Amino acid sequence: MLPEVLQYGFMQRALLAGAMVGTVAAVVGVFLVLRRLSLIADTLSHVALAGIAAALLAGIYPVAGALGAAVLGALGVERLRSRGGVFGEAALAVFLSGGFALAVVLLGLADGFTVDLFAYLFGALTAVQPLDLWVILGLGVLVLGTVAAFYKELFTITFDEEAARVQGLPVDALNLLFTGLVALVIGVTMRIVGILLTSALIVLPALTAFRLARSFRRTLAAAVAVAWLAVVGGMVAAFYLDLAAGGTIVLLAIGCFGAATLLPARLRG
């Protein structure tokens, strides 16, 4: 007989979605943290929030609004960084504050918070519907397939962007591609942990993995394992203890990071 947590359709969908979310968030997070661009996940999540607000106001599928806004935000960030003469962190600050301000204005037009918006902000186990599951799986496969196809190029620009230019790699195009992948991951993760906590799920498993592994491939594997532990463990705990799923997942990810930090150096790697 199946455990109680698996006897409900919404939990089966949530766990399947969580497995994909943990995988893509961890893989992209490792590249993101190494490039010292962790803030970009937070920035695009605020831009995606504006897309959700616009979608709810227009009466369309909110995930589509979030994805569209996040991708446009990614294009804008890279355009401003590469051609606008604005340093990376400043470009991110422009879009972070602008995205949040636009979301506030649109929410005002939509008469404030709604139940649907609350689920998108903070995540909910019952929020993953069959359509959401297929969207998450489809986008997850797209992200992982793109990383696999451009693994060598992404690896090169992550560790030495100038060397990549010397080698003749299209660095600007690769930066745009990678930022677009981050935007897609934001869309994938928001149904599980909520739009306000997506950056934490992307960054924390990567930070934990850096303390546990000594090679890049092992770091990727460790990050995925930590993300799965946080997502699945957090969902199960939220189900049995009647807690907020998104917050529980992120707190468990923080706990993993704390445990890895306290682990003696001789036991790492």
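Predicted model: local features only at pLDDT ≥ 70, side-chain atom pairs only at ≥ 80, totals over all residues.
Helix α6 crosses helix α9 in a left-handed sense. Helix α6 covers residues 130-149 and helix α9 covers residues 171-193; their axes come within 9 Å, and the crossing angle is roughly 155°. Because an angle over 145 degrees counts as roughly antiparallel, α6 is roughly antiparallel to α9.

On the α6 side, the residues that make this contact are D132, I136, L139, G140, L142, V143, T146 and V147, and on the α9 side they are L177, L181, L184, V185, V188 and R191. Sorted by class, the contact of α6 with α9 holds 10 nonpolar residues, 2 polar residues and 2 charged residues.

Two of the α6 residues may be followed individually. T146 belongs to helix α6 and has a relative accessibility of 14%, so T146 counts as buried. When residues up to four places away in sequence are set aside, T146 touches L177 and L181. Both L177 and L181 are listed among the α9 residues in the contact with α6. L142 is likewise found in helix α6, but its relative accessibility is 45%, and L142 therefore counts as partly exposed. The reason lies in the limits applied: buried means under 20% relative accessible area, exposed means over 50%, and partly exposed lies in between. L142 can also be placed relative to V203: the two are 61 residues apart in sequence, and their C-alpha atoms are 20 Å apart in space.

Helix α9 also packs against helix α7. Helix α7 comprises residues 151-159, its axis and that of α9 are 10 Å apart, and the angle between them is about 100°. Since angles of 65 to 115 degrees count as roughly perpendicular, α7 and α9 are roughly perpendicular to each other. In this contact, E153, L154 and I157 of α7 meet V171, L174, N175 and F178 of α9. The contact of α7 with α9 has, by class, 5 nonpolar residues, 1 polar residue and 1 charged residue.

I157 lies in helix α7; its relative accessible area is 2%, so I157 is buried. Neighbours within four places in sequence aside, the contacts of I157 are with R35, A164, V171, L174 and N175.

Attention now turns to T198, which is placed in helix α10, residues 198-210. Is T198 buried or exposed? With a relative accessible area of 0%, T198 is buried. A polar atom of the T198 side chain lies 3.2 Å from the backbone oxygen of I195. Not counting residues up to four places away in sequence, T198 touches S45, I186, T189, M190 and V193.

Helix α10 packs in turn against helix α11. Their axes come within 8 Å and cross at roughly 125°. The crossing of α10 with α11 is right-handed. Helix α10 contributes L201, P205, A206, T208, A209 and F210 to the contact, and helix α11 contributes T219, A222, A223, V226, A227 and V231. By class, there are 10 nonpolar and 2 polar residues in the contact of α10 with α11, and no charged residues.

Two loop residues complete the account. Most residues other than glycine have a negative phi. R36, in the loop between α1 (9-34) and α2 (39-58), has a phi near 55°, a positive value in a residue that is not glycine. D242, in the loop between α11 (216-241) and α12 (245-262), also has a positive phi, of about 55°, without being a glycine. R36 counts as exposed because its relative accessibility is 77%. D242 has a relative accessibility of 69% and so counts as exposed.

Conventions. Residues numbered from 1 in each chain as written. Heavy atoms only, no water. Axes fitted to C-alpha atoms, helices over the stretch in contact; angles between N-to-C directions. Helix = DSSP H or I, 4+ residues; strand = E, 2+ residues; numbered from the N terminus. Parallel < 35°, antiparallel > 145°, perpendicular 65-115°, else oblique. Left-handed = near helix turned anticlockwise from the far one by under 90°. Contact = heavy atoms within 4.5 Å. Nonpolar A, V, L, I, M, F, W, Y, C, P; charged D, E, K, R; others polar. Buried < 20%, exposed > 50% of the residue type's maximum accessible area, 1.4 Å probe, protein only. Polar contact = N/O pair within 3.5 Å; in protein donor to acceptor, adjacent residues only side chain to side chain.
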